[in-house]
Amino acid sequence: MKPTIHKTVAGLPGVMQNLKGHATVMAGEIKAVAAPHRKTGAFEHGIKVRRLRKGYAVNLEDRNSASINYGHFTEAGVWVDGIHAVEHVVGAGRGSRSRR
C-alpha cells in the first residue's frame with residue numbers, strides 16, 4: 001500500500017462531498033445555537049463553509065466572533081459571558097456532537 005494513500009483518498013469526490021455535508025450541518029447548528037443571542041445578526045451571517053484543498057472548514061468571519069463566542073470585558077471592565085456556540089456544537093463536553 002502506498003504510504004501517501006490518505007492524501008489520495010482525502011481528495012476523492014465522494015469524500016469531499018461528505019466533508020462538505022458535515023461542515024454544512026455544523027455551520028447550521030452553530031447558527032441555531034447563536035440565534036437566540038442575536039443582536040445585529042453579523043455573527044450568524046459570518047458563519048461560512050469554505051472549501052479547502054482537501055476538505056472544508058467552518059469559518060467565523062465576523063470580526064467580533066471571538067468576543068461573542070468566548071466572552072469579553074466591556075470598556076467599563078465588566079465581563080460579558082460568551083455564547084459558546086462553537087463548543088456546544090463541536091464538543092468540549094457539551095452538545096449533541098460531544099457524544100460522537
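**View 1. The largest pocket and the residues around its centre.** The largest pocket is lined by 18 residues, and among these His37, Lys39, Thr40, Phe43 and Ile68 lie nearest its centre. This is a predicted model, in which local features need pLDDT of at least 70 and side-chain atom pairs count only at pLDDT 80 or more, while totals for chains, interfaces and linings use all residues. Residues are numbered from 1 along each chain as its sequence is written, and side-chain values use heavy atoms, with hydrogens and water left out. On a 1 Å grid over the protein atoms alone, a pocket is an open set of points with protein on both sides within 12 Å along at least five of seven lines, a cavity is a set of points where a 1.4 Å probe fits but cannot get out, and lining residues have an atom within 4 Å of a point. The volume of the largest pocket is about 420 Å³, a volume being the space filled by probe spheres set on the points, which are joined across faces, edges and corners.

**View 2. The make-up of the pocket lining.** Helix 3 (42-45), helix 4 (65-70) and strand 4 (79-81) each supply at least two residues of the lining of the largest pocket, and helix 3 gives the most, with three residues. Helices (H or I, at least four residues) and strands (E, at least two) are DSSP runs, numbered from the N terminus. By class, the lining has six nonpolar, seven polar and five charged residues, where Ala, Val, Leu, Ile, Met, Phe, Trp, Tyr, Cys and Pro count as nonpolar, Asp, Glu, Lys and Arg as charged, and the others, Gly among them, as polar.

View 3. Glutamate 87 belongs to helix 5 (residues 85-90), and it counts as buried because its relative accessible area is 13% (buried means under 20%, exposed over 50%, and partly exposed in between, with a 1.4 Å probe and protein chains only). Its side chain makes a polar contact with the side chain of asparagine 69 at 3.0 Å, a polar contact being a pair of N or O atoms within 3.5 Å; within protein, one must be able to donate a hydrogen and the other to accept it, and residues adjacent in sequence count only if both atoms are side-chain atoms.

**View 4. The aromatic pair.** The structure holds one aromatic pair. Phenylalanine 73 and tryptophan 79 form this pair, which is edge-to-face, with 4.9 Å centre to centre and 65 degrees between the planes. Rings of Phe, Tyr and Trp (its six-membered ring) pair if their centres lie within 6.5 Å, and planes under 30 degrees apart count as stacked, over 60 as edge-to-face and the rest as tilted. Phenylalanine 73 is exposed, at 57% relative accessibility, whereas tryptophan 79 is partly exposed, at 41%.
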